[in-house]
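Subject: Structure handover

Hi,

Here is the structure for you to look at. Please open it first, then read on for what was found.

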Amino acid sequence: MSEPVLSIRDLSVSFPHATVVDGVGFDVMPGEIVGVVGESGSGKSMTARSVLRLLPKLATIAGSIRFRGQEVLAMSPREIRAMRGALVSMVFQDPMTSFNPVLRIGDQIAEAMTLHGKTDRKTIAERVSSLLASVGIANPKARARAYPHEFSGGMRQRALTAMAVANGPALLIADEPTTALDVTVQDQILQLMRDLNEKSGTAILLITHNIAVVASLCQRLIVMYAGRVVEDGPADAVLTKPRHPYTWALLQSVPRLDRAQDGPDTRLIAIKGQPPDPAQPLAGCKFHPRCPWVEERCTIAEPPLEGGVRCWVRPAL
Amino acid sequence: MRPLVKVRHVTKQFARNKAVDDVSFEIAAGETLGLVGESGSGKSTLGRVVVGLLPATRGETIVDGQDVALLRGSARKALWRHAQMVFQDPYSSLNPRMTVRDALAEPLRNFGIARGAEADRLIRETLDACGLSTTAMARYPKEFSGGQRQRIGIARALIVRPNFIVADEPVSALDVSIQAQIINLLQDLKTGFGLTYLFIAHDLAVIRHVSNRVAVMYRGKLVETAPASALYATPRHPYTQLLLRSVPVPDPRAEALRRQSVKGAEAVNPEAGDAGCPFAARCPKAQFPTCSATAPLLTEKAANHQAACHFA
């Protein structure tokens, strides 16, 4: 078996009054698309940002993140910069704030390449238009001279993806890449990521709150809740036979177009209560106050992540 | 059934941009009409015009027998007693300096419904109906989570006991596990208080779940209206078909089938111009010059099922 591109072990991210990522571990294999699903406060974005060391100043980070065997947490600022954008790159939710509004799109993509040693202007210009063409932007040579505000939201997210893959990274981290987009544009961006993965073998770590987006794209699925991984397995299995009560509840609580009987006479199975406050440590399983299968042991000690599930009870779901 | 809301040929123009373009529909008493469309389709603007928060450029909106545009002063206030709005963002639709009690007492006072002890009784009753504890009364919006804040926003609309509520993306800013709670709450309130909803959302699955009837909006126009079951089972307009095929589903096998079906659901037609059908430029079924010459009107294609397409 080949080496993982990314290997995270015992990762914790803490702020002065709260631990937001707590003992997270998983691998991403070359060419694999791994989805991390969770709600706000689950720690999914902080986990993703840790890989590029893009955390707020106040955050302290512990554990191990290995990229192709090299310890990211031990890298010097210079080594980090050499890695960012070249070997590992990131696409964020909001393509408007990811671009500099006063620079042309093409120049910003070119800059991403010059920073990592490519210098010949003509080759760069050609590469910029071929990248824009590859993400489905018509008339790429002319569009490279446009400013971010002249692009629609979907086009900006395509251009951002073009910039992210400009240097042929081994790993692309996409943090809610389609959340701000319309459903037809979302589908195009998902297709774009699928193509990138198939054509160039780029591994993708997809962070999202939308469990359907994961089904569309990912081979593996990691479910996070309150800073913990609660379930980890093949996307197929997790989505059709979830084993953790939270994953099951999350799948039940969304209205779905693939279920024939759904309408104003049916009720959604809602998850009661709300996610725990990270500033107020909770004994036992982090999901126990909201779990329909809670038992006494769940309130006392936290279950370990065993066989891809973090649950004492393991009810038949 | 008696129509509670009648919207006739409503146009709302901002400068040169027609955000809403000659839209007509009715909502029967006790019905939920789902209004779905992508960003910029004009669905929020339409919602605001219907409830009288924005004046229409042309056309009329009749709520409970009264023309919203003609109402002034106290008559308009009286309308708002019957037609209320729930907003997407409970963070910005509540005054951060008002306690929950003050926020809920204000409309009671404004409409001359109740004061003092009677107001407090109504506030407690409404908070309870919205799943909030009465201890919430003395607290400020910032002390609540997003889901609870949306419950406060709903309570504020409900406190005057309206019969019609326009809910504009009421769950899209909320976490997935909280969305279901709020959707269920809105359904319970509909039954409990006999409400009629115009439910605006971009999420097609949410719209199907809450709606009796659905209207699809594209670039300011209604392109299709039908009972929810018919619209989702047999969409007539190519735009509705594209939208429905674009929604990923959480079942991997169903998702693989969907990905197959979405191929060819969208086209690039450079011959489409500004005249004609608004969807012509993206429509896989477009035939030129028909589709670039005249804009199709919303017409009956099957029982209660209307679409604005030359070829649907």
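Please keep in mind that this is a predicted model.

**A hairpin in chain B**

Two bridges join strand β10 of chain B to strand β12 (residues 305–307) of chain B, and the two run antiparallel. In that pairing, B:Thr225 has B:Gln306 of β12(B) as its bridge partner.

β10(B) also pairs with strand β9 (residues 213–218) of chain B. That pairing is antiparallel too and has six bridges. B:Thr225 takes part here as well: B:Thr225 is the bridge partner of B:Ala215. β9(B) and β10(B) make a hairpin, with two residues between the strands. B:Arg219 sits in the turn and has a positive phi of about 45°.

Is β10(B) mostly covered or mostly open? It is mostly covered: of the seven residues in β10(B) (221–227), six are buried.

The contact between them involves 15 residues of domain 1 of chain B and 12 residues of domain 2 of chain B.

Which elements of domain 1 of chain B give two or more residues to the side that touches domain 2 of chain B? They are α7 (204–210), β9, β10 and α8 (228–233) of chain B. The largest share comes from β10(B), with seven residues. By type, this side of domain 1 of chain B has 11 nonpolar residues, one polar and three charged.

**The nonpolar core**

The largest nonpolar core has 184 residues. Those with the most contacts inside it are A:Ala159, A:Leu171, A:Leu205 and A:Val214. Helix α6 (residues 176–193) of chain B gives the most to this core, with seven residues. Both domain 1 (3–233) and domain 2 (238–307) of chain B give residues to this core, so the core lies between them. As background, nonpolar side chains tend to be buried together in soluble globular proteins.

Take A:Leu205 as a way in. Leaving out residues up to four places away in sequence, A:Leu205 touches A:Leu6, A:Val28, A:Val34, A:Val36, A:Ala48, A:Leu171 and A:Ile173. One of these, A:Leu171, is also among the residues with the most contacts inside the core.

**An open sheet in chain B**

Chain B also has an open sheet of four strands, in the order β2-β1-β4-β5. The pairing is antiparallel. β2 (17–28) and β5 (66–67) of chain B are the edge strands, each pairing on one side only. Strand β1 (residues 3–14) of chain B is joined to β2(B) by eight bridges. B:Phe14 stands opposite B:Asn17 of β2(B).

**Chain A as a whole**

Chain A has 12 helices and 10 strands. Its C-alpha trace spans about 70 × 50 × 40 Å along the principal axes. A compact globule of 317 residues would have a radius of gyration near 20 Å; chain A has 21 Å, which agrees. Of the 317 residues of chain A, 47% count as buried. Among contacts in chain A with a separation of 6 or more, 63% are between residues 24 or more positions apart.

**A closer look at A:Val223**

A:Val223 is in strand β9 (residues 220–225) of chain A. Why does A:Val223 count as buried? Because A:Val223 has 28 C-beta neighbours inside 10 Å, and 20 or more are enough to count as buried.

Setting aside neighbours within four places in sequence, A:Val223 is in contact with A:Val37, A:Gly38, A:Val230, A:Glu231, A:Val238, A:His244, A:Tyr246 and A:Thr247. A:His244 is 21 residues away along the chain, and its C-alpha atom is 9.2 Å from that of A:Val223.

**Where the chains touch**

In the contact between the chains, 32 residues of chain A meet 38 residues of chain B. On the chain A side, the elements that give two or more residues are α8 (183–200), α9 (211–217), α10 (235–240) and α11 (245–253). α9(A) gives the most, with five residues. The chain A side divides into 16 nonpolar, eight polar and eight charged residues.

Best wishes

Note on methods. Residues are numbered from 1 along each chain as its sequence is written. Chains are lettered from A and ligands numbered from 1 in the order in which they are written. This is a predicted model: local features need pLDDT of at least 70, side-chain atom pairs count only at pLDDT 80 or more; totals for chains, interfaces and linings use all residues. A residue is buried if 20 or more other C-beta atoms lie within 10 Å of its own, exposed if 12 or fewer, and partly exposed in between; C-beta atoms are placed from the backbone. Two strands pair if DSSP finds at least two bridges between them. Two residues are in contact if their C-beta atoms, placed from the backbone, lie within 7 Å. Ala, Val, Leu, Ile, Met, Phe, Trp, Tyr, Cys and Pro count as nonpolar, Asp, Glu, Lys and Arg as charged, and the others, Gly among them, as polar. The radius of gyration is taken over C-alpha atoms; the globule rule is 2.2 Å times the number of residues to the power 0.38. A nonpolar core is a set of buried Ala, Val, Leu, Ile, Met, Phe, Trp, Tyr and Cys residues joined through C-beta atoms within 7 Å. Domain bounds come from an automatic or database domain assignment.
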